[in-house]
Amino acid sequence: MSRVTGKPSRRIDALRDRGFRGGRIAPHRAMIGLEVSWTLAIDLLVLPLMFSVAMFALLEPLMAAWRSFFELVAGPLGLPHAIGTRVFEIGPLAVPIPYFMTPGFWPEPRDLQTGWLFTGVLAGVGMLLRGRMLPVGYFLRAVAVIQVSAQLWFWLAPPPLIYTLPDYASGLLVCGVIILLLAPFLVAFTFHIFDFVLWQKLMMATLLLAHLSVLLPLQTAVHVWIIHRGSFLTLPVLFFLFGPLLDVFVYVALYGWGMSWRSGGVLDAVDRRPPTPVQKYPADRPRPTPTPRSTAAVPGPPSFSALRAWPLGLVWRRLFPDRTGGG
């Protein structure tokens, strides 16, 4: 719509979505409505179902690989006892999940004293960090708060702890297997709804499953080693901050990377143009000399008398609107 004539203007409509360099400004994904179609239904239901079925079919060799990894690192990490197996049943199907049978220990008075000192250092450093390091400070404060709750509980509660370390390790891996089976649906309902091409959607789900398949046994081995060495006093921080929450942040990181991919659809400009150099005034051309007439045509700043008369005129028009022609 032209502001001058009030009629639709094709030129203005064409220029509305153009940047100052001539490229098309793509609409933001948050401003685009979701178009329901058969292809979207396939992306939301068929693709994640295919990934989940494929992941379930690969669980047996994946569990064998996890068992081999646990047996390989148990010796160097000093984790005694054998590797156990917990059968996780999914309806009529069963998945044997390997886990460490290393025992954990109730914290001794020396462990509690070390924990109080460690918590105080974390809280102090977290309170001192400022500026760009402030997010790290908040994280250290959160760790200190969780550790304080663990310190108080193990200080007041009588031993033993009814929750054993093998139960914790097997529970962590069972939770990881459930995440592996449900992660494709999470990708579908958060990433497939955008107009990315098929190979990009397949790559996002594949990257997430491959990353989690490697991360979960490593995560469990580190947790078991720390709890076995540092007693159950370290379990709350490991579970709340570096357990399933870490798996979620893995997808958040991959999702942020994937959303930066060029989609090739209507949400991404495909006719981007390279930057054009700024036109400079020719050096061999003489610059025009300003004349008194040209300088007089340039409006200068308002004078002091005009600024003083403006509020008086405003008061006059408010008192006598008929004499000034106002409403």
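This is a predicted model: local features need pLDDT of at least 70, side-chain atom pairs count only at pLDDT 80 or more; totals for chains, interfaces and linings use all residues.
View A. When neighbours within four places in sequence are left aside, the residues in contact with serine 231 are Phe105, Trp106, Pro107, Asp111 and Ile226.

**View B. Threonine 114, a partly exposed residue of helix α4.** Helix α4 spans residues 109–128 and includes threonine 114. The relative accessible area of threonine 114 is 48%; this residue is therefore classed as partly exposed, since the term exposed is kept for values over 50%. A polar atom of the threonine 114 side chain lies 2.9 Å from the backbone oxygen of arginine 110.

**View C. The crossing of helices α5 and α8.** Two packed helices are described by the angle between their axes and the distance between the axes. For helix α5 (residues 134–156) and α8, the axes come within 9 Å and cross at roughly 140 degrees. Helix α5 is therefore oblique to α8, because only angles over 145 degrees count as roughly antiparallel. The crossing of these two helices, α5 and α8, is right-handed.

**View D. Residues that form the contact between α5 and α8.** Helix α5 contributes Phe139, Val143, Ile146, Gln147 and Ala150, and α8 contributes Pro236, Val237, Phe240, Leu241 and Phe242. Classed by residue type, the contact of α5 with α8 comprises nine nonpolar residues, one polar residue and no charged residues.

Terms used
Residues are numbered from 1 along each chain as its sequence is written. Side-chain values use heavy atoms; hydrogens and water are left out. Helices (H or I, at least four residues) and strands (E, at least two) are DSSP runs, numbered from the N terminus. Buried means under 20% relative accessible area, exposed over 50%, partly exposed in between (1.4 Å probe, protein chains only). A polar contact is a pair of N or O atoms within 3.5 Å; within protein, one must be able to donate a hydrogen and the other to accept it, and residues adjacent in sequence count only if both atoms are side-chain atoms. Contact means heavy atoms within 4.5 Å. Axes are lines fitted to C-alpha atoms, for helices over the stretch in contact, and angles run from 0 to 180 degrees between N-to-C directions. Angles under 35 degrees count as roughly parallel, over 145 as roughly antiparallel, 65 to 115 as roughly perpendicular and the rest as oblique. A crossing is left-handed if the near helix is turned anticlockwise from the far one by less than a right angle, and right-handed if clockwise. Ala, Val, Leu, Ile, Met, Phe, Trp, Tyr, Cys and Pro count as nonpolar, Asp, Glu, Lys and Arg as charged, and the others, Gly among them, as polar.
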